[in-house]
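Hello,

Here is the structure we talked about handing over. Please have it open while you read the notes below.

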Amino acid sequence: MITARYHREVPQRYRLEAGKCTKCGYVAFPPRLVCPKCSTKKFKPIVLKDEGKIITYTVIRVGPDKFSKETPYAIGIIELNDKLRLTAQIAGVVDFEKLKIGQKVKLVFRKIQDDGKAGIHMYGYKAVLA
Amino acid sequence: MRDVVVIGAGMTKFGELWGKSIKDIFVEAALKAIEDAGVKQIDSMYVGAMSSGLFVGQEHLGAVMADYLGVTPIPATHVESACASGGVSFRQAYLEVASGASDIVLAGGVEKMTDGADVTEALATAADQEYEVYQGVTFPGLYAMIAHAHMKEFGTTRKQLAAVAVKNHRNGAKNPNAQFRSEITIDQVLNATMVSDPFGLLDCSPVSDGAAAVIVTTMEMAKKLKKKPIKVIASAQASDTIALHSRPSITTIGSVVNAAKKAYKMAGLKPSDIDLCEVHDCFTIAEIVVSEDLGFFKKGEGGKAAEKGLTAIGGKIPINTSGGLKSKGHPVGATGIAQIIELYEQLNGKAGDRQVKGARIGMAQNMGGSGASCVIHILEGGK
């Protein structure tokens, strides 16, 4: 079990906490130490918007071993309303044929995977169609 | 900086080499390259490999291979840049000779992928582990998302993607070292088992074992050894964000654009000067996007170009005459070196049935992850 490693990411995975560059406004998710746009090292904490749209997507039919019981599942790049993009599964899709680029989604709290032989639940965000 | 030339090459057949270990295949390729170059000793060596730790539980490959090749105590370095490990290994050897630090250097690459590891999980370590892989993304998945975006933006079709696989199998069928030496049809590609929409199995490069090595040296040494030199006229490398979602465009690979810009400038050439190009077709869409980002076709026209046969041998710009990753195979760390070997054979006029007539300038484009690393070389044959 990767306890420390998992807990380090909790503010992002559970609460969408990000950093905003105080000089140029670049939004870093996860937070960074240095802004890739203007090299500033000062960020203020913000919380991302949980609504956005699908930029692109795929349906994974062959997954890594730890996701093999979940297949097929949809995953996409989501652009949130504050323009920040992230990768998330698109949950609850009954008919994959109806998935489209541009569809509105909302991020929700979900179980993402199980860890190790004990199967400890690991959580985070997934998108659902709005 | 001194002029650097390639004077020898060797590779194993790519495929499921169950009877041979990672050491066996690397040493086989390296010995062939040393013999081909006709050199008695090498000053230094590089071993490109993406993830021998996960695939076979062996790291420290520089020393492992120097030991089994019987060349200790020379410096031996393992180079890792995901799927670009081979190309970056070649670049390190190039820089070491160009700088004057060494005269004869072996640049190699190897991967042993069929020894039982979870290959999908091992390959996924080239993406952002906490913010892409954690969510369940795979490498076919990342490139599939590029494909869907390209289809939406430019009207690229699955049939155009399939044309890439069909062409690469046609070329690979003529390559004795290729993993798959069989031709396939558009219908076979379209009807294959789905892996990650819009990719079927035949849109994806295979899981492979293999090794490749070349010998680089100075122009003076090549003359002394009476070898026909294939000159390295550009070596360029660029990086980009590790996560696909962090890039301003999903349909342009920034590291390819940036490395290409540097490479063309260094060689004093433009896209139309290139006689043939080996590109990193890990998935069919990759060849299409890269053929645009290298400047061979306008943005969005790569799919149509593949469908019209402009990238076939005899076309406007022959791409992946070796069969590419799709048909030749993709033992990750060996791929970048195998691309250089295809150029070496083509520019020496020794590519047999797949020879591009009069080929003089060849380009190799090797990338890692979903394009976070790209390394490009341009080679020139004798006039």
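Where in chain A does A:Pro30 lie? The answer is the loop between β2 and β3 of chain A. Keep in mind throughout that this is a predicted model. The predictor gives the complex an ipTM of 0.97 and a pTM of 0.98. For chain B the average pLDDT is 97, and 100% of the residues score at least 70.

Chain A

Back to A:Pro30. The peptide bond that joins A:Phe29 to A:Pro30 is cis, with omega about 0°. A cis peptide bond also joins A:Thr71 and A:Pro72, where omega is about -5°. A:Pro72 sits in the loop between β4 (51–60) and β5 (73–80) of chain A.

Chain A has an open sheet of three strands. The order is β2-β1-β3, and the pairing is antiparallel. β2 (27–28) and β3 (43–47) of chain A are at the edges. Each has a single partner strand, so one side of each is left without a neighbour in the sheet. Strand β1 (residues 17–21) of chain A pairs with β3(A) over five bridges, in the antiparallel sense. Within that pairing, A:Gly19 stands opposite A:Pro45 of β3(A).

One backbone angle in this chain deserves a look. A:Lys83 has a positive phi of about 75°, although it is not a glycine. A:Lys83 is placed in the loop between β5 and β6 (85–91) of chain A. Its relative accessibility is 59%, over the 50% cut-off, so A:Lys83 counts as exposed.

Chain B: the sheet

Which order do the nine strands of the open sheet in chain B have? They run β3-β2-β4-β7-β1-β8-β11-β10-β9, with mixed pairing. The edges are β3 (76–79) and β9 (276–278) of chain B. Each of these has a single partner strand, so one side of each is left without a neighbour in the sheet. From one strand to the next, the twist averages 25°.

Strand β8 (residues 230–239) and strand β11 (residues 373–380) of chain B run antiparallel and are joined by eight bridges. One residue pair to find there: B:Val232 has B:Leu379 in β11(B) as its bridge partner.

Two helices belong with this sheet. Helix α3 (residues 61–69) of chain B lies across β2 (44–48), β3 and β4 (105–112) of chain B. It runs at about 120° to β2(B). Helix α4 (residues 85–98) of chain B packs on the sheet as well.

Chain B: helix pairs

α4(B) also packs against helix α14 (residues 332–347) of chain B. The angle is about 60° and the axes are 5 Å apart. α4(B) and α14(B) are therefore oblique to each other. On the α4(B) side the contact is made by B:Ser85, B:Gly86, B:Gly87, B:Ser89 and B:Phe90. On the α14(B) side it is made by B:Gly333, B:Gly336, B:Ile337 and B:Ile340. By class, that contact has three nonpolar, six polar and no charged residues.

Then look at helix α7 (residues 158–172) and helix α11 (residues 284–293) of chain B. Their axes come within 8 Å and cross at roughly 100°. That makes α7(B) roughly perpendicular to α11(B). α7(B) brings B:Gln160, B:Leu161, B:Val164, B:Ala165, B:Lys167 and B:Asn168 to the contact. α11(B) brings B:Thr284, B:Ile285, B:Glu287 and B:Ile288. This contact has five nonpolar, three polar and two charged residues.

Chain B: two loop residues

Is B:Ser370 buried or exposed? At 1% relative accessibility, B:Ser370 counts as buried. It lies in the loop between β10 and β11 of chain B. Beyond residues up to four places away in sequence, B:Ser370 touches several others, including B:Phe139, B:Tyr143, B:Arg247 and B:Ile253.

B:Lys226 has a positive phi of about 55° and is not a glycine. Its place is the loop between α9 (219–224) and β8 of chain B. With 76% relative accessibility, B:Lys226 counts as exposed.

Best wishes

Notes: Residues are numbered from 1 along each chain as its sequence is written. Chains are lettered from A and ligands numbered from 1 in the order in which they are written. This is a predicted model: local features need pLDDT of at least 70, side-chain atom pairs count only at pLDDT 80 or more; totals for chains, interfaces and linings use all residues. Side-chain values use heavy atoms; hydrogens and water are left out. Two strands pair if DSSP finds at least two bridges between them. Helices (H or I, at least four residues) and strands (E, at least two) are DSSP runs, numbered from the N terminus. Axes are lines fitted to C-alpha atoms, for helices over the stretch in contact, and angles run from 0 to 180 degrees between N-to-C directions. Contact means heavy atoms within 4.5 Å. Angles under 35 degrees count as roughly parallel, over 145 as roughly antiparallel, 65 to 115 as roughly perpendicular and the rest as oblique. Ala, Val, Leu, Ile, Met, Phe, Trp, Tyr, Cys and Pro count as nonpolar, Asp, Glu, Lys and Arg as charged, and the others, Gly among them, as polar. Buried means under 20% relative accessible area, exposed over 50%, partly exposed in between (1.4 Å probe, protein chains only). pLDDT is the predictor's confidence in each residue, from 0 to 100.
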